[in-house]
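Q: I am new to this structure and would like a close look at one part of it. Please walk me through how the side chains pair up, and where those pairs sit.

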Amino acid sequence: MRLIEYNREAACEYAYKWAYGRNPEYYDFENIGGDCTNFASQCLFAGTGVMNYTRDTGWYYLNVNDRAAAWTEANYFRRFMLSNESVGPFAEECPAEEAELGDFVSLSDGDTYYHTLIVVGFSHKVPLVAGHTYDTYMRRLDSYYFVKASALHILGANK
């Protein structure tokens with residue numbers, strides 16, 4: 001395997017372009033559970049260009065009926081990023097206030113992670129995020145309701 005550097009700028013540019021719209025290459029999951037992790041995955045793919053096509057446990061999107069749960073579901077996305085040692089992106093957990101541009105923040109109600117956002121800026125050290133379902137761009141992370149916010153610091157991807 002070869003390590004690929006994560007292009008944070010490309011991920012953030014994708015977030016800017018599609019924060020208030022939908023890329024027609026991907027299904028919009030907004031009305032069937034939410035589109036937040038699908039959007040986050042698209043941003044991450046824009047910054048890595050690599051998917052993991054392992055059935056059931058990978059991170060990939062071919063179409064609405066052929067995709068990994070980690071592509072569209074917050075808990076699975078988080079689990080994949082923190083445990084992936086194969087092809088595709090991987091991350092380490094860090095406090096949300098230590099996130100960098102292009103990192104992702106998972107919001108939890110205390111029991112489960114239910115929302116995924118991408119960090120696209122900062123305001124006085126507070127992460128500003130972009131996300132789907134409730135479309136937003138440059139929203140202060142501290143304006144959300146959550147019990148816990150945990151960041152996924154993207155370290156790169158394996159190809």
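A: A salt bridge is a side-chain nitrogen of Lys or Arg within 4 Å of a carboxyl oxygen of Asp or Glu. Keep in mind that this is a predicted model. Arg-140 and Asp-142 give an example: their side chains meet in a salt bridge, at 2.7 Å from N to O. Arg-140 has a relative accessibility of 32%, so it counts as partly exposed. Asp-142 is partly exposed too, with a relative accessible area of 46%.

The structure holds 10 salt bridges. Several of them join up. A network of salt bridges links Arg-22, Asp-28, Glu-30, Asp-35 and Asp-135. Start with Arg-22 and Glu-30. They form a salt bridge whose closest N and O atoms are 2.5 Å apart. Glu-30 counts as partly exposed, at 31% relative accessibility. Arg-22 is partly exposed as well, with a relative accessible area of 22%. Arg-22 also meets the side chain of Asp-35 in a salt bridge, here at 3.6 Å from N to O. Arg-22 and Asp-35 both lie in the loop between H1 and H2, yet they are 13 residues apart, and the pair links distant parts of the chain. Asp-35 is at 1% relative accessibility. Buried means under 20%, so Asp-35 counts as buried.

Charge also meets ring. The charged end of Arg-139 sits over the ring of Tyr-144, 3.7 Å from its centre. Arg-78 lies over the face of Tyr-113, and the distance to the ring centre is 4.1 Å.

Now the rings themselves. There are 10 aromatic pairs in the structure. One of them is Tyr-14 with Trp-18: the ring centres are 6.4 Å apart and the planes are at 40 degrees, so the pair is tilted. Planes under 30 degrees apart would count as stacked, and over 60 as edge-to-face. Both residues belong to helix H1, residues 8-18. They are 4 residues apart there, which means about one helical turn separates them. Tyr-14 is buried, at 13% relative accessible area. Trp-18 also counts as buried, with 17% relative accessibility.

A second pair is Tyr-26 with Tyr-61. Their ring centres lie 5.0 Å apart and their planes are at 55 degrees, so this pair is tilted. It links distant parts of the chain, as 35 residues separate the two. Tyr-26 is in the loop between H1 and helix H2, while Tyr-61 is in strand E2, residues 61-63. Tyr-26 counts as buried, at 13% relative accessibility. Tyr-61 is buried with a relative accessible area of 7%. Ring pairs also build a cluster, made of Tyr-26, Phe-45, Trp-59, Tyr-61 and Trp-71.

Next comes helix H2. At 1.5 Å a residue, its 13 residues should span 18 Å. The end C-alpha atoms are 18 Å apart, which agrees. Of these 13 residues, 11 are buried, so H2 is largely enclosed by the rest of the structure. Among the buried ones are Cys-36, Phe-39, Cys-43 and Leu-44. Gly-49 follows H2, and its phi is positive, near 70 degrees.

The loop between H2 and E2 holds Asn-52. Asn-52 counts as buried, with a relative accessibility of 4%. Its side chain reaches the backbone oxygen of Val-87 at 2.8 Å. Leaving aside residues up to four places away in sequence, Asn-52 touches Gly-58, Trp-59, Tyr-60, Phe-80, Asn-84, Ser-86 and Val-87.

Note on methods
Residues numbered from 1 in each chain as written. Predicted model: local features only at pLDDT ≥ 70, side-chain atom pairs only at ≥ 80, totals over all residues. Heavy atoms only, no water. Phe/Tyr/Trp six-rings, centres within 6.5 Å; stacked < 30°, edge-to-face > 60°. Buried < 20%, exposed > 50% of the residue type's maximum accessible area, 1.4 Å probe, protein only. Lys NZ or Arg CZ within 6 Å of the ring centre and 35° of its normal. Polar contact = N/O pair within 3.5 Å; in protein donor to acceptor, adjacent residues only side chain to side chain. Contact = heavy atoms within 4.5 Å. Expected span 1.5 Å × (residues − 1).
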